Amino acid sequence: MNNKSYMWMASQYLIQLGATPNYSGFHYAAYGIVLAAENPSRLLSVTKELYPEIGRHYHVSWCAAERSIRFLLSILWERDQKLFREISGCSAVKKPSAGEFIAVMAFRVRSV
C-alpha cells in the first residue's frame, strides 16, 4: 500500500473515532500513523525519531506535535471509550499514550 492510501485510511479511522481535521493533532496523528505503518521500527524510538519527523514535516517542534496528539487523544478518549476500543482494536482500561495509540493504529492500517 502506498503513502496516500495509508493517509486516507488513518484519516478515516480518526474521523470514525470522532476526530475532526480542525485539530492540528488530527494531521499530526494521521501522519505519525502513516510513518509508523511504513516503517514500524520508528516505534522503537518515538520521541527521538517519530515525533521529530512529524514536527519537521509540519514545521513545529516535536514537543508541539506530541502535545497536540495527546490533546486529540484525550478528547477521543473522553467522548466514547467503548467506540475508541472498538475502532482501535485496543482493549485498554486507561487512555493509551500518544505513542501507544499511533502504534495500535499503524498496525490497524497495515493489516487492512
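Colleague: What share of the 112 residues in the chain is buried?
Modeller: Buried residues make up 46% of the chain. This is a predicted model. To be called buried, a residue needs under 20% relative accessible area.

Colleague: What does the secondary structure come to?
Modeller: Six helices and zero strands. The pattern along the sequence is α-α-α-α-α-α.

Colleague: How many of the contacts join residues at least 24 apart?
Modeller: Take the contacts between residues at least 6 apart in sequence. Of these, 56% join residues at least 24 apart.

Colleague: Which residues touch the most other members of the largest nonpolar core?
Modeller: I54, I69 and V109. The core holds 35 residues. Helices α1 (3-16), α2, α3, α4, α5 (81-88) and α6 each give two or more residues to this core. The most come from α2, with 10 residues. In soluble globular proteins, nonpolar side chains tend to be buried together.

Colleague: What is I69 in contact with, leaving aside neighbours within four places in sequence?
Modeller: The partners are G25, Y28, A29, Y51, I54, A98 and I102. A contact requires heavy atoms within 4.5 Å.

Colleague: Which residues of α3 are buried, and what covers them?
Modeller: V46, L50, Y51, P52, E53, I54 and G55 are the buried ones. Their cover includes α2, α4 and α6 (98-110). After α3 comes H59, with a positive phi near 60°.

Colleague: Why is the contact of E49 and R42 called a salt bridge?
Modeller: The cut-off is 4 Å between a side-chain nitrogen of Lys or Arg and a carboxyl oxygen of Asp or Glu. E49 and R42 meet at 3.9 Å, N to O. That value is within 4 Å, so the pair qualifies. Side chains of opposite charge can pair when their charged atoms come close.

Colleague: What makes R42 and E53 a salt bridge, and which parts does the pair tie together?
Modeller: The closest N and O atoms of R42 and E53 are 3.4 Å apart. The limit is 4 Å, so this pair is a salt bridge too. R42 lies in the loop between α2 (24-38) and α3 (46-58), and E53 lies in helix α3. The pair therefore ties together parts that are 11 residues apart in sequence. Both R42 and E53 are buried. R42, E49 and E53 are linked in a network of salt bridges.

Colleague: How many salt bridges does the count come to?
Modeller: Three. One of them joins E66 and R70, at 2.9 Å, N to O.

Colleague: Why are E66 and R70 said to be separated by about one helical turn?
Modeller: Because they are four residues apart in helix α4 (residues 62-79). E66 has 16% relative accessibility; buried means under 20%, so E66 counts as buried. R70 has 40%, which lies between 20% and 50%, so R70 is partly exposed.

Colleague: How many aromatic pairs does the structure hold, and why is the pair of Y31 and Y58 called edge-to-face?
Modeller: The structure holds three aromatic pairs. In the pair of Y31 and Y58, the ring centres are 5.8 Å apart and the planes are at 90°. The centres must lie within 6.5 Å, so Y31 and Y58 pair. Planes over 60 degrees apart count as edge-to-face, so that is the label. The pair links distant parts of the chain: Y31 is in helix α2 and Y58 is in helix α3, 27 residues apart.

Colleague: What are Y31 and Y58, buried or partly exposed?
Modeller: Y31 has a relative accessible area of 13%; the cut-off for buried is 20%, so Y31 is buried. Y58 has 27%, so Y58 counts as partly exposed.

Colleague: Which residues form one aromatic cluster?
Modeller: Y28, Y31 and Y58.

Methods: Residues numbered from 1 in each chain as written. Predicted model: local features only at pLDDT ≥ 70, side-chain atom pairs only at ≥ 80, totals over all residues. Heavy atoms only, no water. Buried < 20%, exposed > 50% of the residue type's maximum accessible area, 1.4 Å probe, protein only. Phe/Tyr/Trp six-rings, centres within 6.5 Å; stacked < 30°, edge-to-face > 60°. Core = buried A, V, L, I, M, F, W, Y, C linked by side-chain atoms within 4.5 Å.
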